[in-house]
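Work through the exercises below with the model open beside the text. Each task is followed by a solution in steps.

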Amino acid sequence: MVNVYEIVRERIISSLSSGKIPWHQSWQSLSPCNVLTGRPYRGINRLLLSGHEWWGTYKQIKQLGGYVRKGEKAYGIVVFWSFEEARSVVNEQGDVVLVMSHRERPLVRYYSVFNLSQCEGIEKDAVGEIRAITSCDEVIERNCPKVRPGNPAYLPTADIIHMPDMERFESPEEYYSTFFHELTHWTGHESRLKRPGVTGPIRFGSEHYSREELTAEMGSAFLCAMTGIDMPVVDNQAAYIAGWLRHIRNGSAVDVIRAAGDAQRAADFLIGGGEE
């Protein structure tokens with residue numbers, strides 16, 4: 001039986017091992033979309049499909065009048081997961097009702113996809129165009145966070161973001177990617193998305209702390225992609241990659257999937273909503 005968790009985990013590890021940070025792609029390559037619906041892929045699928053803009057199943061490509069070239073393999077995967085489980089029960093009145101329960105581990109399925117470069121018979125113009133949806137300043141201004149001068153940080157108890165002036169950064173991209181990191185933390189507040197890594201006791205190195213940091217990293221990357229800027233190169237990138245490699249190797253793929261899902265929800269919240 002295929003273990004989807006391990007597929008996800010190994011693909012992230014493989015990317016990091018090759019020196020690529022899967023959530024630090026250019027904004028174009030971090031916005032893969034479905035060729036049939038035109039909708040962008042979300043959450044962990046943004047990472048799994050980064051590198052190509054357009055993807056589709058064999059059936060979807062055929063629906064568009066195209067075909068997959070002979071010998072091509074579907075090396076892309078799209079993952080569906082849910083932490084909710086529906087089951088039918090009989091209530092006291094004898095009626096069959098649907099009851100939703102929360103799973104500790106998500107129910108995960110996946111299917112294989114091909115990218116457009118593996119196909120023939122489909123014009124690129126027919127599948128649309130990826131665009132930045134808003135500006136960096138618009139994202140910040142529409143959410144009105146309380147911001148004070150200081151080293152980059154989010155303080156949950158005071159619900160305040162500390163940020164230096166842009167002049168303290170080497171580039172506007174570095175400023176905004178850092179701001180987006182803290183703004184992603186900000187979404188986890190009790191009055192917003194209520195993430196345990198923000199609302200609960202914060203212990204450095206704990207599971208909730210590590211997942212929240214990964215969520216903020218991915219959230220920043222997603223927001224950079226949505227606003228059309230590239231994430232800057234990380235200082236001491238080798239050590240940065242080694243740290244995440246160690247964390248993901250020693251941890252669970254569920255944490256990576258949850259972090260990506262939380263990052264997507266944070267980005268949706270900050271830009272004003274989005275489709276699941």
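Predicted model: local features only at pLDDT ≥ 70, side-chain atom pairs only at ≥ 80, totals over all residues.

## Exercise 1: Salt bridges

Task: find how many salt bridges the whole structure contains, then locate the partners of Arg-192 and Arg-211.

Solution. 
- Step 1. The criterion is a side-chain nitrogen of Lys or Arg within 4 Å of a carboxyl oxygen of Asp or Glu. The search of the whole structure returns 10 salt bridges.
- Step 2. Arg-192 meets Asp-159 at 2.7 Å, N to O. This pair links distant parts of the chain, 33 residues apart: Arg-192 is in the loop between α5 (172–187) and α6 (196–199), and Asp-159 is in the loop between β8 (153–155) and β9 (160–162). Both residues are buried.
- Step 3. Arg-211 pairs with Asp-255, and their closest N and O atoms are 3.0 Å apart. Here too distant parts of the chain are linked, since Arg-211 belongs to helix α7 (residues 207–227) and Asp-255 to helix α9 (residues 253–271), 44 residues apart. Arg-211 and Asp-255 are buried.
- Step 4. Within helix α9, Arg-265 and Asp-262 are 3 residues apart, about one turn of the helix. Their side chains form a salt bridge at 2.8 Å, N to O. Arg-265 counts as partly exposed because its relative accessibility is 38%, and Asp-262 counts as buried because its value is 17%.

## Exercise 2: Charges and rings

Task: identify the ring under Arg-192, and classify the ring pairs made by Tyr-175 with Phe-169 and with Phe-179.

Solution. 
- Step 1. A charge sits over a ring if NZ of Lys or CZ of Arg is within 6 Å of the ring centre and within 35 degrees of the ring normal. Arg-192 lies over the face of Trp-186, at 3.6 Å from the ring centre. Arg-46 lies over the face of Phe-222, at 4.9 Å.
- Step 2. For aromatic pairs, rings of Phe, Tyr and Trp (its six-membered ring) must have centres within 6.5 Å; planes under 30 degrees apart are stacked, over 60 edge-to-face and the rest tilted. The count is 9 aromatic pairs.
- Step 3. Phe-169 and Tyr-175 have ring centres 5.5 Å apart and planes at 75 degrees, so the pair is edge-to-face. Both are buried.
- Step 4. Tyr-175 and Phe-179 have ring centres 5.8 Å apart and planes at 80 degrees, so this pair is edge-to-face. Both residues lie in helix α5, 4 residues apart.
- Step 5. Phe-169, Tyr-175, Tyr-176, Phe-179 and Phe-180 form one aromatic cluster.

## Exercise 3: A three-stranded sheet

Task: give the strand order of the open sheet with 3 strands, and say which strands stand at its edges.

Solution. 
- Step 1. Two strands pair if DSSP finds at least two bridges between them. The order is β7-β9-β8, with mixed pairing.
- Step 2. The edges are β7 (146–148) and β8; each has a single partner strand, so one side of each lacks a neighbour in the sheet.
- Step 3. β8 and β9 run antiparallel and are joined by 3 bridges. Ala-153 has His-162 in β9 as its bridge partner.

Definitions and conventions. Residues numbered from 1 in each chain as written. Heavy atoms only, no water. Helix = DSSP H or I, 4+ residues; strand = E, 2+ residues; numbered from the N terminus. Buried < 20%, exposed > 50% of the residue type's maximum accessible area, 1.4 Å probe, protein only.
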